[in-house]
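Work through the exercises below with the sequence and the model open. Each task is followed by a solution in steps.

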Amino acid sequence: SSGINAEYGGTYANWVYRDRLLSIIEEHDSSRPLLLYVTMQAPHAPYYAPDQYYASICNTTADRCTMQAMINAGEEVMRAVIDKLQDREMWNDTLLIYASDNGGPGSTPHSNGFLRGKKGTLWDGGVRTSAFIYSPNTTLVSSRTSTQCLFHLPDWYPTLIQISGGWENFYNATGISAAKDIDGIDQSSHLLSNGVCPRNHIFLHIDPVNRIGAYINGHMKLLVGDQDASNDCVTGKMYPLDGNSMDDSILALYNITSDPSESIDLSTVYRDVTMEMLCELKEYSLNQAPLMCEFEEVPGSYPNEEVPLVVPWEFNWIY
């Protein structure tokens, strides 16, 4: 097919990533820092794994077995990476972060447990994920502890900079000054001591197309608008984020600590809390850039009829 890179055609994607990772580590000057951001295709659609990943769990290609086999494939990559870091004597100064980007789609073979909702929704089943951090070096992160504190995606930026030496060290290495007015919160001290939670709120999302939004403050989570809405966006149309971006005639409030399945709406019981959180979410929206749902097609860009994939702009396709 013209849509497959000839160099890797027919090769399981995880193996391509694994081999590239190992070559990067092998060629890297171990006296210098290294950041590896690894986004493996498994476990993810399309659901497939080579036969050898089934053997230890089941001998059928049923959906749940395939999902487990893909997880096995991902773990094999991580084992190979850790082994290579150990061979290069880099492992003892490494911080490993393993995290998901969203909840499961909700259909077989996925499960979000008791969490309500699925990928693509603002229910906790779509936005709350598990993660773990590990390092053999306990000066980087404490061992054998867990936390229920809020941790938001942008927190990784200031947290990792602090763990890896701080902003001054970062400036000396990159010439980039300390970030100001960013959404991320440095959580390095919490990861080391498991003390007071640094973050008490998360502005989850505002979707002006479906006119929905979500905001967490402490134990409480506010949902605005019809969470089942599915409106088509208009290509090239600009959707401003303002006080009218959400349908505030529909409000729901949940205590996600005592009610993690989001089954008991408290918006009428705690009306003051609901309205206060709504005001905070609206105020936050005023500082955000407008949304353009889809850009006009640019001639020569991907995907197109010849290359049905999203690829980097600077890309030499091999047929």
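A residue is called buried under 20% relative accessible area, exposed over 50%, and partly exposed in between. The model is predicted.

**Exercise 1.** Decide whether Cys233 is buried, exposed or partly exposed.

Solution. The relative accessible area of Cys233 is 21%. Buried requires a value under 20%, and exposed a value over 50%. Cys233 is therefore partly exposed.

**Exercise 2.** Find the disulfide of the structure and describe the bond.

Solution. Step one: the structure holds one disulfide. Step two: the cysteines joined are Cys149 and Cys197, with an S to S distance of 1.8 Å. A disulfide requires two cysteine sulfur atoms within 2.5 Å. Step three: Cys149 lies in the loop between β2 (131-134) and α4 (156-163), while Cys197 lies in the loop between α6 (188-193) and β3 (201-207). The two are 48 residues apart, and the pair links distant parts of the chain. Step four: the torsion about the S-S bond is about -65°, so the disulfide is left-handed.

**Exercise 3.** Classify the accessibility of Cys149 and of Cys197.

Solution. Cys149 has a relative accessible area of 18%, so Cys149 is buried. For Cys197 the value is 38%, so Cys197 is partly exposed.

**Exercise 4.** Describe the surroundings of Gly213.

Solution. Next, take its relative accessibility, which is 0%, so Gly213 counts as buried. Then list contacts, leaving out residues up to four places away in sequence: among them are Leu122, His205, Ile206, Val224 and Leu281. Last, the C-alpha atoms of Gly213 and Leu251 are separated by 9.8 Å, and these residues are 38 residues apart along the chain.

How values were computed:
Residues numbered from 1 in each chain as written. Predicted model: local features only at pLDDT ≥ 70, side-chain atom pairs only at ≥ 80, totals over all residues. Heavy atoms only, no water. Helix = DSSP H or I, 4+ residues; strand = E, 2+ residues; numbered from the N terminus. Buried < 20%, exposed > 50% of the residue type's maximum accessible area, 1.4 Å probe, protein only. Contact = heavy atoms within 4.5 Å.
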